[in-house]
Amino acid sequence: MKVLVFIEQRDRKIKSSALEALTLGAKLAGSPKDCAALVVGHQLDDSVVGKLKGYGSDTTYVVDQPELKLYNTVLYAAALEQAIKTFGADLVIGLASPMGRDLLPRLAARLDGAIVSDVTALEGGGGKIQATKPMYAGKVLAKVTLLENAKQFVTIRPNVFKAESLGTGSSTVTKLDIKLPATSLKSVEVRKGANEKVDLTEASRIVSGGRSLASAENFKILNELADVIGATVGASRAAVDSGYAPHDMQVGQTGKTVNPNLYIACGISGSIQHMAGMRTSKVIVAINTDPEAPIFKIATYGIVADLFKAVPLFTTKLKKLLEK
Amino acid sequence: MKILVLVKQTPDTETKIRISANNMGIETDGVKFIANPYDDFAIEEALKIKEKGQAQEVVLLCLGDEKAREPLIKGLAMGADRAILVENAQLTQVDSLGVAKVLAAVVKAEGAGLVLSGKQAIDDDNMHIGPMVGELLNWPHINVVTKIEINGQTARVEREVEGGQVEIYETGLPCVLGAHKSLNTPRYTALQGIMKAKKKPFEVKKVADYGLDAATLVKGQKTILSGFMPPPEKPAGKVFKGDDVENLVEQVVKLLRDEAKVI
C-alpha cells in the first residue's frame with residue numbers, strides 16, 4: 001500500500017505531531033519506497049523539510065510557491081491532489097488539526113474517497129483499514145471500516161500515536177510544480193493570538209478552571225501553576241459562559257477535546273459535557289470543595305479542598321520539585 | 001440572495017449516551033433532540049445577514065427524520081422563513097460524503113447564494129459536511145468561522161485555528177461557511193414565536209425529489225460503521241480529604257512524580 005503523509009507547517013515550522021503521522025504512515029506502508037511525505041508552503045528549504053529524515057519515507061514532495069505561504073483550502077487542495085496522483089497514493093494521512101480537518105475532507109469529496117477523522121487507533125493495511133474514532137465527544141468509540149475500492153483518508157488525533165525515528169528512508173526532496181487553480185478565496189493574513197502557548201488540543205499538560213474561580217482575574221493563580229509546569233490553561237463551559245475566560249479556552253463537548261498527559265481540574269464539578277472533552281487525559285488531578293463532585297469519579301488523584309488554598313500550594317511545591 | 005442553513009438534529013449535550021443493543025447506534029428512547037448547538041450560530045448569522053438587507057430569504061435544510069421537526073420549528077421561530085426536511089429513512093447509515101451529496105443537490109436546486117452550517121455536529125464529530133459540500137459545489141468553504149462581513153459579492157471571514165490564532169480570508173460568493181461558537185449570540189425564542197413558526201412553510205422531501213437515488217447513495221458509500229463501543233473505564237482514583245491542605249497537596253505531588261511519572 002502506498003501512503004502519502006500530509007506534513008503540516010505554519011510559519012515554516014513543521015508541527016511536531018506531523019512526525020506522529022509520518023511514523024504511522026511508514027509503518028502502514030511497510031517499506032520506505034511506499035511512503036511519501038508532502039510539505040506545502042513557501043521557502044521550504046532543508047531547515048524545514050530536513051526534520052523528516054529518518055522517519056521512514058524515501059520521498060518528500062515539496063510544493064513551494066509564494067501563493068502557498070498561508071493556508072488556503074482551495075490552493076492546498078490542488079497541491080495535495082497533485083501529490084496523490086503523482087505518487088499513486090492509496091492512503092493519505094493528515095492531522096486532526098484545524099488544517100488537516102479542513103483539507104482532507106475536501107479532497108475525499110473530490111476523489112469520491114473514504115475518510116475518517118480524528119482517529120485514535122488504526123488497524124489493517126494493504127487494503128481494508130479499520131479506524132477507531134471518538135464520537136459524542138468521546139462518550140462512545142466508533143469503529144469505522146474504510147473500503148479498499150476508494151482512496152482512503154484519515155486524520156489522526158495529536159498526542160495519541162508515537163513519533164519514532166526509524167532511521168530509515170532517504171527523504172529525497174522532489175519539487176512538484178503546480179498550476180494553481182483560479183479561486184475567489186484569498187488568504188489575507190494570520191492574526192496571532194494573545195495566547196502564544198501550545199494549543200489545548202496539542203498540550204501535554206493542562207490546568208483548567210471552573211466557575212469557582214469567580215472572576216477572570218483569579219485565573220492568574222492557574223496561569224502561575226501552568227507556567228511552572230509548562231501547561232496550557234483551559235476553562236469549563238460554566239467559566240466561559242460567566243465571562244471569566246474566552247471561548248478558545250473552553251474544554252468540553254462544545255469546546256475543545258483534549259488529550260494531555262496531565263489534566264489538573266480546579267473548581268470544576270465535572271458536567272457530562274466537560275468530562276466528554278477531557279476524559280481521555282492520561283492522569284487527571286481534581287481539586288474541588290464538594291466531595292460528591294462527579295469529576296472525582298474520573299480523577300486519578302482528587303483533593304477535597306478549596307482551590308484558592310490548594311492551587312498556590314501546588315505551584316510552590318512543583319516549582320521546588322522541578323528546580324531540584 | 002437566498003441563504004441555506006444546514007441543520008442536524010443531535011442529542012442534547014447533557015445526554016448520557018447509551019449504546020444500542022446491536023452496537024450500531026445509540027439508544028434514542030427518552031433522549032432529548034436539539035438542533036446541533038453550532039447550527040444555532042449559523043441560523044443566527046443568517047438572520048443577521050438578512051436583517052442587514054444582504055439576503056432576502058433564510059431556508060433551513062435538514063436530512064433527517066421526525067426528530068428533526070422540533071429543532072427546525074425552533075429555527076423557524078428564531079426567524080427563518082421556511083424549512084426543508086429531506087427524509088433519511090433509507091439513508092440512516094450512509095457516510096458523510098453521501099449526506100454531503102444530498103445537501104449539495106438541494107443547495108443547487110434551491111439556487112442558494114450562501115450556505116451556512118455549524119462547524120461540526122456534536123454526534124459524529126466529523127467536521128466533514130462544510131468542506132465536502134463546498135467541494136461538491138466547487139465553491140470555497142471556510143470552517144470554524146468567528147466573524148463574517150458581507151460586502152456585495154464578497155465576504156471577509158475570520159476563522160479560528162490553533163493557539164488562539166485567527167486566519168483572515170476574503171472570498172467571493174457563493175461559498176460555504178461553518179459557524180463557530182463565538183460568531184454571535186443566538187436569539188431567544190419566545191413561546192408565541194413557536195406557535196407562529198408552526199404556520200411557516202415546512203416541506204418534507206425525498207432524495208428522489210432532487211434527482212438522487214437512495215440505493216445508489218448507500219451502495220456508493222466508502223466507509224462503513226462496524227460498531228460502537230464504550231470508552232475504556234478509568235480505574236478508581238485516590239481521593240484525599242482533610243484539614244491539612246498542604247499535606248494533601250504534598251501527597252499528590254509525590255504521586256505525580258513517583259507513581260504516575262508525569263512530572
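**Figure 1. Strands 7 and 11 of chain A in the predicted model, shown around A:Val116 and A:Val154.** In this predicted model, A:Val116 lies opposite A:Val154, a residue of strand 11 of chain A. The two strands concerned, strand 7 and strand 11 (residues 152-156) of chain A, are parallel and are paired through four bridges. Helix 3 of chain A, residues 73-87, packs on the sheet, where it touches strand 1 (3-7), strand 4 (35-41), strand 5 (59-64) and strand 6 (91-95) of chain A. The direction of helix 3 of chain A makes about 155 degrees with that of strand 4 of chain A.

**Figure 2. The open sheet of chain A.** Seven strands of chain A, paired in parallel, form an open sheet with the order 7-11-6-1-4-5-12. Strand 7 (114-119) and strand 12 (172-175) of chain A each have a single partner strand, so one side of each remains without a neighbour in the sheet. On average, and with direction ignored, neighbouring strands of this sheet are turned by 20 degrees against each other.

**Figure 3. The hairpin of strands 9 and 10 of chain A.** Strand 9 (residues 129-135) of chain A runs antiparallel to strand 10 of chain A, and seven bridges join them. A:Ile129 is placed opposite A:Leu146 of strand 10 of chain A. Four residues lie between the two strands of this hairpin, in which A:Tyr136 adopts a positive phi near 50 degrees. Strand 10 of chain A is mostly covered, with five of its seven residues buried.

**Figure 4. Strand pairing across the contact of chains A and B.** Strand 10 (residues 140-146) of chain A also pairs with strand 12 (residues 223-229) of chain B, in the antiparallel sense and over six bridges. Within this pairing, A:Thr145 has B:Ile224 as its bridge partner in strand 12 of chain B, and A:Ala142 stands opposite B:Phe228 of that strand. The contact involves 82 residues of chain A and 68 residues of chain B. On the side of chain A that touches chain B, 42 residues are nonpolar, 21 are polar and 19 are charged.

Figure 5. Strand 4 (residues 57-64) and strand 5 (residues 82-87) of chain B run parallel and are joined by six bridges. B:Leu60 has B:Ala83 as its bridge partner in strand 5 of chain B. Together with helix 2 (residues 69-78) of chain B, strands 4 and 5 of chain B make a right-handed β-α-β unit. Strand 5 of chain B is also parallel to strand 11 (residues 202-205) of chain B, to which four bridges join it. There, the bridge partner of B:Ile84 is B:Glu203, in strand 11 of chain B.

**Figure 6. The largest nonpolar core, shown around B:Leu61.** The largest nonpolar core comprises 191 residues. A:Leu38, B:Val5, B:Leu61, B:Leu103 and B:Val133 have the most contacts inside this core. Helix 3 of chain A supplies the largest share of the core, 10 residues. Leaving aside residues up to four places away in sequence, B:Leu61 touches B:Leu4, B:Val5, B:Leu6, B:Val7, B:Ile84, B:Leu103 and B:Val106. In soluble globular proteins, nonpolar side chains tend to be buried together.

Figure 7. Although B:Asp125 is not a glycine, its phi is positive, at about 55 degrees. B:Met127, likewise a residue other than glycine, has a positive phi near 65 degrees. B:Asp125 counts as buried because 22 other C-beta atoms lie within 10 Å; B:Met127 is buried, with 23 other C-beta atoms within 10 Å.

Figure 8. B:Leu173 and B:Pro174 are joined by a cis peptide bond, with omega about 0 degrees. B:Pro174 is placed in the loop between strand 9 (166-172) and strand 10 (176-179) of chain B.

**Figure 9. B:Ala215 and B:Gln90.** B:Ala215 belongs to helix 6 (residues 214-219) of chain B. B:Ala215 counts as exposed because it has 9 C-beta neighbours inside 10 Å. Although B:Ala215 and B:Gln90 are 125 residues apart along the chain, their C-alpha atoms are separated by 7.7 Å.

Technical notes: Residues numbered from 1 in each chain as written. Chains lettered and ligands numbered in written order. Predicted model: local features only at pLDDT ≥ 70, side-chain atom pairs only at ≥ 80, totals over all residues. Pairing = 2+ DSSP bridges. Axes fitted to C-alpha atoms, helices over the stretch in contact; angles between N-to-C directions. Contact = placed C-beta atoms within 7 Å. Nonpolar A, V, L, I, M, F, W, Y, C, P; charged D, E, K, R; others polar. Right-handed = clockwise from strand over helix to strand, strands pointing away. Core = buried A, V, L, I, M, F, W, Y, C linked by C-beta atoms within 7 Å. Buried ≥ 20, exposed ≤ 12 C-beta atoms within 10 Å, placed from the backbone.
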